[in-house]
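Let's walk through this one together, with a few questions about helix packing and charged pairs. Have a look at the model first.

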Amino acid sequence: MTSSTPWFYWALLSAIFAALTAIFAKIGIQGVDSDLATLIRTVIIMVVLSAFVWYAGKWSNPFTLSSKTWIFLSLSGLATGASWVCYFRALQLGDASKVAPVDKLSLVLVAVFAFAFLGERPAPREWLGIAMVAGGVLVLAFKR
């Protein structure tokens with residue numbers, strides 16, 4: 001499969017790093033409360049991302065952003081935090097090879113939410129792929 005669009009490569013890298021996140025987190029949370037582990041991870045992300053934004057010369061005054069931007073970035077941050085807390089708790093209680101695929105049900109939910117709230121209209125072929133992901137999650141979730 002090839003794609004000439006830059007988003008594809010960034011999305012592929014995101015998937016690779018997300019996979020590594022699950023493996024590294026599963027190893028790292030042994031003997032540590034999952035909420036504390038989430039806090040440590042978040043602090044590291046803040047430091048690294050702050051350094052990256054500063055080094056890349058991308059810093060600008062965040063207080064000049066619109067209130068709509070602030071509201072939706074805040075909601076996104078709250079959703080991310082809730083996701084991470086739940087994900088780390090699930091990793092602490094279950095196998096990474098079982099938790100991570102169920103977590104990817106988010107792909108299905110993104111498609112449904114994008115359809116409902118953003119007006120995106122996936123093609124029938126794309127809906128078939130989304131349904132296959134949902135089916136795979138169900139197979140893994142209800143495995144005996």
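A salt bridge here is a side-chain nitrogen of Lys or Arg within 4 Å of a carboxyl oxygen of Asp or Glu. Keep in mind that this is a predicted model.

Q: How many salt bridges does a search of the whole structure find?
A: The pairs include Arg89 with Asp35, and Lys98 with Asp95. Asp103 also pairs with Lys104. Searching the whole structure gives a total of three.

Q: Which residue forms a salt bridge with Arg89, and how far apart are the closest N and O atoms?
A: A salt bridge needs a nitrogen and a carboxyl oxygen within 4 Å. Arg89 meets that cut-off with Asp35, the closest N and O atoms being 2.8 Å apart.

Q: Where in the chain do Arg89 and Asp35 sit, and how many residues apart are they?
A: Arg89 belongs to helix H3, while Asp35 lies in helix H2 (residues 34–55). The pair therefore links distant parts of the chain, and the separation is 54 residues.

Q: Are Arg89 and Asp35 buried, partly exposed or exposed?
A: Buried means under 20% relative accessible area and exposed means over 50%. Arg89 has 36%, and Asp35 has 33%. Both values fall in between, so Arg89 and Asp35 count as partly exposed.

Q: Are helices H3 and H4 roughly parallel or roughly antiparallel to each other?
A: The axes of H3 (residues 67–93) and H4 (residues 96–103) come within 8 Å and cross at roughly 150°. Angles over 145 degrees count as roughly antiparallel. H3 and H4 are therefore roughly antiparallel.

Q: What is the handedness of the crossing where H3 passes H4?
A: Two packed helices are described by the angle and the distance between their axes. For H3 and H4 the angle is roughly 150°. The crossing of H3 past H4 is right-handed.

Q: How many nonpolar residues does the contact of H3 with H4 have?
A: On the H3 side, Tyr87, Ala90 and Leu91 take part, and they meet Ala96, Val99, Ala100 and Asp103 of H4. By class, this contact has one charged residue and no polar ones, and the nonpolar residues number six.

Q: Which residue forms a salt bridge with Asp103?
A: Asp103 is among the H4 residues that meet H3. At 26% relative accessibility, Asp103 is partly exposed. The closest N and O atoms of its salt bridge are 3.3 Å apart, and the partner is Lys104.

Technical notes: Residues are numbered from 1 along each chain as its sequence is written. This is a predicted model: local features need pLDDT of at least 70, side-chain atom pairs count only at pLDDT 80 or more; totals for chains, interfaces and linings use all residues. Side-chain values use heavy atoms; hydrogens and water are left out. Axes are lines fitted to C-alpha atoms, for helices over the stretch in contact, and angles run from 0 to 180 degrees between N-to-C directions. Helices (H or I, at least four residues) and strands (E, at least two) are DSSP runs, numbered from the N terminus. Angles under 35 degrees count as roughly parallel, over 145 as roughly antiparallel, 65 to 115 as roughly perpendicular and the rest as oblique. A crossing is left-handed if the near helix is turned anticlockwise from the far one by less than a right angle, and right-handed if clockwise. Contact means heavy atoms within 4.5 Å. Ala, Val, Leu, Ile, Met, Phe, Trp, Tyr, Cys and Pro count as nonpolar, Asp, Glu, Lys and Arg as charged, and the others, Gly among them, as polar. Buried means under 20% relative accessible area, exposed over 50%, partly exposed in between (1.4 Å probe, protein chains only).
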